[in-house]
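Please bring up the sequence and the model on your screens, and we'll walk through them together.

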Amino acid sequence: MGRVFLIYFDETPVTRFYLCGACPAHMALRQELVVFGNQGLSPVIFVLRRRDVNVYALSPGQDRMVGARTLSDVYCNNCGNLLGVKFIEVANDDDGAVRAGYFLLYRKNLRKWNGQGIVA
Ligand SMILES: [Zn+2]
């Protein structure tokens, strides 16, 4: 994989972002995420739409089919912690919320910068 360069967000009182659950690597700004699951309760999963910050997916050939979707596991670039999955292929008749190239990060595998500190 070569040398790993990590991207860090500014830890200011007005920023909100998520970190790897196992190391200090920053993962996604709050505004980049679409919350799935029980939004009124504790959210369980997120989709990162734009880019893969500080994560890597398994190489082609290690993908797996789940229903009409092809997924690849996604790991932290810094420590290798499993964070979620990347959608490699999505059927055309899917509901449109998920597209190929999107990332789904499991909330339970992340921590959060809440503007003042890092919380679970
Ligand atoms: Zn990590």
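Reading along the sequence, you get β-β-β-β-β-β-β-β-β-β-β.

Two housekeeping points before the details. Residues are numbered from 1 along each chain as its sequence is written. This is a predicted model, so local features need pLDDT of at least 70 and side-chain atom pairs count only at pLDDT 80 or more, while totals for chains, interfaces and linings use all residues.

On to confidence. pLDDT is the predictor's confidence in each residue, from 0 to 100. The protein's mean pLDDT is 81, and 79% of its residues reach 70 or more. Strand β11, residues 118–119, has the highest confidence, at 94, while strand β4, residues 45–48, has the lowest, at a mean of 62. There is also a stretch to treat with care: over residues 38–42, pLDDT stays under 50. For that stretch the model has two contacts beyond four places in sequence, where a contact is two residues whose C-beta atoms, placed from the backbone, lie within 7 Å. Across the protein, 46% of the contacts with a separation of 6 or more are between residues 24 or more positions apart.

Now the strands. Four strands form an open sheet, in the order β2-β1-β10-β11, with antiparallel pairing. Its edge strands are β2 and β11, each pairing on one side only.

Let's go through that sheet. β1 and β2 make a hairpin with five residues between them, and three bridges join these antiparallel strands. Leu 19 stands opposite Arg 111 in β10.

Seven bridges join β7 to β8, and the two run antiparallel. They form a hairpin with five residues between them, and Gly 80 in the turn has a positive phi of about 85°. In this pair, Tyr 75 stands opposite Leu 82 in β8. β8 is also joined to β9, by three bridges in an antiparallel arrangement, and Lys 86 has Phe 103 as its bridge partner in β9.

What about the interior? A residue is buried if 20 or more other C-beta atoms lie within 10 Å of its own, exposed if 12 or fewer, and partly exposed in between, with C-beta atoms placed from the backbone. Of the 120 residues of the protein, 24% count as buried. In soluble globular proteins, nonpolar side chains tend to be buried together. I'm using nonpolar core for a set of buried Ala, Val, Leu, Ile, Met, Phe, Trp, Tyr and Cys residues joined through C-beta atoms within 7 Å. The largest one has 21 residues, and those with the most contacts inside it are Leu 19, Cys 20, Met 27, Ala 28, Val 55, Leu 83 and Leu 110. The elements giving two or more residues to this core are β1 (17–20), β2 (26–29), β7 (69–76), β8 (82–90), β9 (103–106) and β10 (110–113).

Why is Asp 73 classed as partly exposed? Because it has 15 other C-beta atoms within 10 Å. Asp 73 lies in strand β7, and its C-alpha is 5.9 Å from that of Gly 84, eleven residues away in sequence. Not counting residues up to four places away in sequence, Asp 73 touches Ala 57, Leu 58, Leu 82 and Val 85.

Gln 31, in the loop between β2 and β3 (33–36), counts as exposed because it has 8 other C-beta atoms within 10 Å. Its C-alpha is separated by 8.1 Å from that of Arg 16, 15 residues apart along the chain.

Tyr 8 sits in the segment before β1. Tyr 8 is exposed, with 12 other C-beta atoms within 10 Å. Tyr 8 and Asn 54 are 46 residues apart in sequence, and their C-alpha atoms are 8.9 Å apart in space.

Notes. Pairing = 2+ DSSP bridges.
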